[in-house]
Amino acid sequence: MPEPRRYVLTGVPGAGKTTLLEALHHRGHVTVREAATDQRSVFLIGPLGFIHHTAARRISYADSLAFVRVHEQVYEAYGHHLVHVPAGPVSQRVALIERSLARL
């Protein structure tokens with residue numbers, strides 16, 4: 001049996017990672033909500049333009065932009081291929097991820 005293909009979705013708090021994972025799962029993709037740092041392709045989920053603060057998410061929007069730059073720099077420094085997923089409706093973001101998966 002071939003090894004399953006794995007990819008990473010990452011981004012700042014409040015960027016919509018959980019929403020995208022749930023939408024991909026509902027479209028039949030197998031998803032796992034765990035860190036997987038050994039993968040070469042990384043989907044970098046762009047900030048939505050605002051932060052919805054929760055008890056667990058207390059980062060400012062300015063700090064979230066710095067956070068995404070650090071993510072970019074670190075993943076690139078370790079040789080990962082970044083696929084940028086800009087802000088937009090969930091359906092458009094899912095479609096971009098699915099098109100990218102078909103090419104990887």
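In this short talk I will go through the core, the paired side chains and a few single residues of one predicted model.

A word on conventions before the details. Because the model is predicted, local features need pLDDT of at least 70 and side-chain atom pairs count only at pLDDT 80 or more, while totals for chains, interfaces and linings use all residues. Residues are numbered from 1 along each chain as its sequence is written, and side-chain values use heavy atoms, with hydrogens and water left out.

In soluble globular proteins, nonpolar side chains tend to be buried together. If we set aside neighbours within four places in sequence, Val85 is in contact, that is, with heavy atoms within 4.5 Å, with Phe43, Leu44, Ile45, Gly46, Arg93, Leu96 and Ile97.

Turning to H1, the buried residues in this helix are Leu20, Leu21, Ala23 and Leu24. They cover an arc of only 165 degrees around the axis, and therefore sit on the same side of H1; the arc is that of the directions from the helix axis to the C-beta atoms. Among the elements covering the buried residues of H1 are S1, S2 and H3. After H1 comes Gly28, with a positive phi near 100 degrees.

Next, the aromatic rings, which count as a pair if the centres of Phe, Tyr or Trp rings (for Trp, the six-membered ring) lie within 6.5 Å, with planes under 30 degrees apart called stacked, over 60 edge-to-face and the rest tilted. The count comes to one pair. Tyr7 and Phe43 have ring centres 6.1 Å apart and planes at 70 degrees, so the pair is edge-to-face. It links distant parts of the chain, with Tyr7 in the segment before strand S1 (8-11) and Phe43 in strand S2, 36 residues apart. Tyr7 is partly exposed at 24% relative accessibility, whereas Phe43 is buried at 1%.

What about charged side chains? With a salt bridge defined as a side-chain nitrogen of Lys or Arg within 4 Å of a carboxyl oxygen of Asp or Glu, there is one. Arg27 forms a salt bridge with Glu98, their closest N and O atoms lying 2.9 Å apart. The two are 71 residues apart, Arg27 in the loop between H1 and S2 and Glu98 in helix H3, and Arg27 counts as exposed at 55% relative accessibility.

Arg93, also placed in helix H3, is buried yet has no salt bridge, and the nearest side chain of opposite charge, Glu22, is 12 Å away, where Lys and Arg count as positive, Asp and Glu as negative, and His and the chain ends are not counted. Not counting residues up to four places away in sequence, Arg93 touches residues including Ala15, Leu20, Ile45, Val85 and Pro86.

Conventions. Helices (H or I, at least four residues) and strands (E, at least two) are DSSP runs, numbered from the N terminus. Buried means under 20% relative accessible area, exposed over 50%, partly exposed in between (1.4 Å probe, protein chains only).
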